[in-house]
Amino acid sequence: MSGNSFDVPVLDVSRYVAGGDAATDPDCARVAAALDRACREVGFVQIVGHGIDTAALTDLSDALDEFFALPLAVKKQYRRDPAANRGYSPPKSESLSMSLGIGANQLHDYYEAFTVGTERASFPGLDLPEASYTPNNWPDAAAGFRPRIERYFAEAQQLARTLMTAVTDALALPRHYFDPMTDHCIEVLKMNNFALPEGDTEITGEFQGMGAHTDFGILTILWADQVPGLQVLGRDGSWHDVAPADGALLINLGDAMARWTNDRWMSTVHRVDPPVVNGRIRRRRSAAFFFDGNHDAVLEALPGTLADGEVGYEPITVAENIAMKVAGLRAGVAPQATLREAARVAAAAE
């Protein structure tokens, strides 16, 4: 089911972008308090004043158009082994709900994607596993793609670190608390094109845009078209439509934050239905920047988040959690662990 009264708070983070923090800036303190409330009650936030200018966002959308307009045979040249989270993924080659162990063992999400991320070369002097810091597979068939995406990627990296200052303030943690967990952070940009042809094509039960899932890391910065399709599972157990306001970016929480806070801030369960407007399929694009944390950062309850006698999540590293969920996403291998977020999806379906 879907509701229409769901309210995603809009936060102006310009004071944080300017270098402020809650200890010295009352405006930042108000934003931090609003962020905590939104993360406890909603799990999705819209931000304005984020500092990424219109030109960079236009370049991003133009880059997506350039690559996804290539013939399928050309795009498939940039495919990688499913275990490598880089390169091109054709339609119906992934199933995000299987990252939670939900649904039939079929790869049927009807989007195509291109993924880039931080490489080992980004961190000279560190002996990092290539599995987590995989080389990119830039498409030379789209000449303008790489420079545009690299520009946006760099700006998203900076914004993610700015948002971590707000996160630290919102959780009343010491400044730089998360630095040891993010100083060689896995960062990934997944660009999506919902590839059903536009028009009066009939939608059948075998198609879904993206299955219900949570993101795997700390937080996600999402740029998206204002085309319907994105839905969030609210704390009320209902699915709600979400679309970005003009100029806004959407922020949602991932598994790392849920595990660190023992679900004070739950990871945001979301999905994408096939984008249909007035009975007609519309093209929809999005780009999700995943700020995932260091590959070896341990995900376990932060100090003060467990009540007496309460049991938190079993400890797991960032890399182990990502590998577990990618195995479901791309190979249909359901997680062995019982996942709290999967239980929330199951409850919503009842």
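On a 1 Å grid over the protein atoms alone, a cavity is a set of points where a 1.4 Å probe fits but cannot get out, while a pocket is an open set with protein on both sides within 12 Å along at least five of seven lines. Residues are numbered from 1 along each chain as its sequence is written, and side-chain values use heavy atoms, without hydrogens and water. This is a predicted model: local features need pLDDT of at least 70 and side-chain atom pairs 80 or more, but totals for chains, interfaces and linings use all residues.

**Exercise 1. Describe the largest cavity and its lining.**

Step 1: Count. There is 1 cavity of 30 Å³ or more.

Step 2: Find the volume, meaning the space filled by probe spheres set on grid points joined across faces, edges and corners. The largest cavity holds about 130 Å³.

Step 3: List the lining (residues with an atom within 4 Å of a point). It has 14 residues, with L35, V45, L163, V167 and I251 nearest the centre.

Step 4: Sort by class. The lining has 14 nonpolar residues, no polar and no charged. Here Ala, Val, Leu, Ile, Met, Phe, Trp, Tyr, Cys and Pro count as nonpolar, Asp, Glu, Lys and Arg as charged, and the others, Gly among them, as polar.

**Exercise 2. Now describe the largest pocket.**

Step 1: Its volume is about 630 Å³.

Step 2: 38 residues line the largest pocket, and N85, F216, I322, V326 and L329 are the closest to its centre.

Step 3: Helix α8 gives the most to this lining, 8 residues; helices (H or I, at least four residues) and strands (E, at least two) are DSSP runs, numbered from the N terminus.

Step 4: The classes are 21 nonpolar, 11 polar and 6 charged.
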